[in-house]
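Visitor: I would like to learn how to read a few features of a structure. Please take me through them one at a time.

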Amino acid sequence: MARRKLVAGNWKMHGVSADLAEITSISLAAESADTDVALCLPATLVERAVRAAPGFAIGGQDVHQNEKGAHTGCISAAMLLDAGARLTIVGHSERREAQGESNADVKAKAEAALAAGISVILCVGESDAVREAGNAVETVAAQLDASIPGGVANPSGFSVAYEPIWAIGTGKVPSIADIGEMHSALRERLKAAYGEAGEQVRILYGGSVKASNAAEIFAVSDVDGALVGGASLKAADFLPIVEAASTNP
Ligand code: PEP
């Protein structure tokens, strides 16, 4: 079965009520797109975005692994679900680095979200130094092995995002050959973990995706969509990427 592409925006720490109109514009255009589209928003905007864009996939950017308890500032999967979120990012490199999240933390977060019925985009990616040393594929494959959630009953609710750290927000993008090599290595790890069901997990590329490079990236084998940061904040920048995914199914 062919995998339907997913184009997900990561708004990071951007967005207030004045930006709900932008979310509505994106959601209306997404209705006629031949690809799945989602926006992962700051927690403060999730519920209002769900109301402003009914039927559109709104997500969070992180989730705590525990159901409840003394975790100041954290959000559980049940809370995300209660706010109307359908998905969440886990293990973004900005959280792995700034919040010291380990692979074990990321795995636990992914498992908690999936158990609660929240879809997951799990991020992996190498640093500039690792890429320069020629160890990118083995490093990222090992990162996925150590953070992949167990017992994924519904592979279409689980996606991996390959996001080279050095490509995030920099305008730099790996070569098409390097993206292809990494995605096919990650596909092998998914099949090793889940057997044939590993074929159904989407592998997104993330890192400086924009209208001008999206079509070329989406044409790569085993690239099943994109996780988009900066270019997801404005409909005018994001929708051409959605269009490129629709025309490269
Ligand atoms: C991201 O942070 O997930 C990302 C891909 O950012 P950008 O598109 O801005 O590089």
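Visitor: Which residues of α10 are buried?

Guide: This is a predicted model. The general idea comes first: an α-helix has 3.6 residues a turn, so residues three or four places apart point the same way. In this model the buried residues of α10 are A235, F238, I241, V242, A244, A245 and S246.

Visitor: How many residues are in the largest nonpolar core, and which have the most contacts inside it?

Guide: In soluble globular proteins, nonpolar side chains tend to be buried together. Here the largest nonpolar core has 62 residues, and I23, L122, F158, L186, L190 and F218 have the most contacts inside it. Helix α10 gives the most to this core, with six residues. A second, separate core has twelve residues, among them A57, L87, I89 and C123.

Visitor: What is L122 in contact with, leaving aside neighbours within four places in sequence?

Guide: The contacts of L122 include V90, V106, A110, L144, I148, F158 and V160. R96, S147 and S159 are also among them.

Visitor: Why does R131 count as buried?

Guide: The cut-off for buried is under 20% relative accessible area. R131 counts as buried because its relative accessibility is 18%. This arginine is found in helix α6 (residues 128-132). Beyond four places in sequence, R131 touches E126, A136, Y162, W166, D178 and M182.

Visitor: Is H92 buried or exposed?

Guide: H92 is buried, because its relative accessible area is 5%. H92 lies in the loop between β4 (87-90) and α4 (93-98). Its side chain makes a polar contact with the side chain of N10, at 3.5 Å. Apart from neighbours within four places, H92 is in contact with N10, K12, C123, E163 and I168.

Visitor: Which residues come nearest to the ligand?

Guide: Of the 14 residues around the ligand, K12, H92, E163, G169 and S208 come nearest. A backbone N or O atom of G169 lies 2.7 Å from a ligand oxygen atom. For G229 the corresponding distance from a backbone N or O atom to a ligand oxygen atom is 2.8 Å. A polar backbone atom of G230 is 2.9 Å from an oxygen atom of the ligand. Taken alone the ligand exposes 290 Å², and the protein buries 95% of that.

Notes:
Residues numbered from 1 in each chain as written. Predicted model: local features only at pLDDT ≥ 70, side-chain atom pairs only at ≥ 80, totals over all residues. Heavy atoms only, no water. Buried < 20%, exposed > 50% of the residue type's maximum accessible area, 1.4 Å probe, protein only. Helix = DSSP H or I, 4+ residues; strand = E, 2+ residues; numbered from the N terminus. Core = buried A, V, L, I, M, F, W, Y, C linked by side-chain atoms within 4.5 Å. Contact = heavy atoms within 4.5 Å. Near = heavy atom within 4 Å. Polar contact = N/O pair within 3.5 Å; in protein donor to acceptor, adjacent residues only side chain to side chain. Areas by Shrake-Rupley, 256 points an atom, 1.4 Å probe, with all protein chains shown as cover.
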